[in-house]
Every structure is written in structure tokens, then in C-alpha cells.
Amino acid sequence: MDLRVAAYAVIERRGKILLTHWRRGHLHGWTLPGGGIDPGEDPKDAVVREVFEETGLQAKPGRLLGVDSRVMVREEVPEGTDPEMHTIRIVYRATVQDGPLRNEVDGSSDEARWVALKDVNSLKTLSLVQTGLRMAGLSRRGSGQGRGGQNRGGAGKSGGGKSGSAKQGAQKHAGAKSGAAKAAGAPAAGTTKASAARPSAGRSRSRGR
């Protein structure tokens, strides 16, 4: 079973949260900025690097919100490869300097966007979004029933159940992005064994970061 360790940031200001759009083939969804940690890299340094690569903004990591651990069952893996992947996602609260957003080129994400918390549930999001909002105490502010919003599980980069409400999405990694340098948390559809330092547990099929 592969192991992937990634770091992500919950960046919120003036009622909006910074999200990035993760894509891998036909799989896609909105997730938190962040990604896989390079060998020897400090998780906070990984957050700064990933946020800049995906959004063009300079981030300053704050307090550790929690650690989400789960086993994902990935889709579309090469024959002979174990589809299960253990993903550990370290989530920080962070701030960014003011500036224009810049979309990532040739990476695992293709768009960065400030999204009103009340509109999060109208988007197709990876489970990491609801996990991060819950850890940051922002889930209530973004818990309005969205129209057609879907949450997909996944592992990432950087980046994790399929469609449903925000509550269902919160149970979901993609956000999953897959990779270390670009650490794309790649969401997979499958079973997820989850536990967080604000623990969660279970097993689910997911796609994404």
C-alpha cells in the first residue's frame, strides 16, 4: 500500500475561502490549496510552496488545525498496482498577502478562486474541503444546502464520497492530489479509513486529492 503525506491550508477572509480546482483526466473537483510534502520538507514549507504554485499568493501558515488519515481506494491505477493508498493530510489555518490570483499551469490544478462560504455547497468539492472547514470551525457558516453541489472523496495533489450534501462530503482526498513535488492530492473512489487529530474514522471510496 502506498503512503502519501500532504499539507493543506484553510485560508478564509471576509466570508470567502480560497479553493483550487483539481483535475486528473475526467476526475475533478474543488479542494483546499496544498499538496504532497517533498522528502525532507517541513509541512509548513510545503503549504507555502503549494499555495504559491496553485494560486500565485504568498501564504503564512498559522496554527495546526488537525491531521486527517484515511485509506483510499484509487481508480484507474496500472495493472498490478495496489489501488489502496494511505493518505495523511496535515491541515493548517493560513493567511495570504493581497494580490491577484494566478492559475497553475501544467500542474494538478487549473483554477484558483475565492468562494463565498455560503456558496461552497453549490460546487463539486472533494471531501477535504468539508474536513478543513469543520476543523477550522467554519462548517456552519458554509452549511447552507447547496444546489446540485457534490462532494467527492479523495487523496491528493495535493490531494478525498461521491455526490451528496456538505455533511456527506465531510465524511469523505482529493481531496486528493497525487504526487510529492507537486503533491497532487488525487481523489479516489473507494473505501476510506479515516481518522483525524480531530478524529474521523471509516472506509470509503473516493476520488481526488
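**A salt bridge along a helix**

R49 and E53 both sit in helix α1 (residues 43-55), four residues apart, which is about one turn of the helix. Helices here are DSSP runs of H or I with at least four residues, strands are runs of E with at least two, and both are numbered from the N terminus. An α-helix has 3.6 residues a turn, so residues three or four places apart point the same way.

This is a predicted model, so local features need pLDDT of at least 70, side-chain atom pairs count only at pLDDT 80 or more, and totals for chains, interfaces and linings use all residues. Residues are numbered from 1 along each chain as its sequence is written, and side-chain values use heavy atoms, with hydrogens and water left out.

Back to the pair. R49 and E53 form a salt bridge, and their closest N and O atoms are 3.6 Å apart. The term means a side-chain nitrogen of Lys or Arg within 4 Å of a carboxyl oxygen of Asp or Glu. R49 is buried, because its relative accessible area is 17%. Buried means under 20%, exposed means over 50%, and partly exposed lies in between (1.4 Å probe, protein chains only). E53 has a relative accessible area of 24%, so E53 is partly exposed.

Now look at other bridges. By this rule the model has 12 salt bridges. In one of them, D110 meets R23 at 3.0 Å, N to O. That pair links distant parts of the chain: D110 is in strand β8 (residues 109-116), R23 is in strand β3, and 87 residues separate them. D110 counts as partly exposed because its relative accessibility is 32%. R23 is partly exposed too, at 38%.

K118 and D119 make another bridge, with the closest N and O atoms 3.4 Å apart. K118 is exposed at 62% relative accessibility. D119 is partly exposed at 32%. Salt bridges that share partners also join D38, E41, R49, E50 and E53 into one network. So the opening pair belongs to that network, because a bridge links R49 and E53 whenever the N and O atoms meet the cut-off.

R102 brings another kind of charge contact. R102 lies over the face of F52, 4.8 Å from the ring centre. The rule asks that NZ of Lys or CZ of Arg be within 6 Å of the ring centre and within 35 degrees of the ring normal.

Next, the nonpolar side. A nonpolar core is a set of buried Ala, Val, Leu, Ile, Met, Phe, Trp, Tyr and Cys residues joined through side-chain atoms within 4.5 Å. The largest one has 19 residues, and those with the most contacts inside it are V10, I17, L19, L32, V91 and L133. At least two residues each come from β1 (2-10), β3 (16-24) and α2 (127-135). Helix α2 gives the most, with four residues. Another core lies apart from it, with 15 residues, including I37, V51, A94 and W114.

Helix α2 is largely enclosed by the rest of the structure, because eight of its nine residues are buried. Among them are S127, Q130, G132 and M135. V129 is in this helix. V129 is buried, at a relative accessible area of 0%. Leaving out residues up to four places away in sequence, V129 touches L19, W30, T31, L32 and V120. Here contact means heavy atoms within 4.5 Å. Just after α2, G137 takes a positive phi of about 75 degrees.

Most residues other than glycine have a negative phi. R14 has a phi near 50 degrees. R14 is in the loop between β2 (12-13) and β3, and R14 is exposed at 71% relative accessibility. D106 has a phi near 60 degrees. D106 is in the loop between β7 (84-96) and β8, and D106 is exposed at 81%.

Finally, the whole chain. The protein chain has three helices and 12 strands. Of its 209 residues, 56% count as buried.
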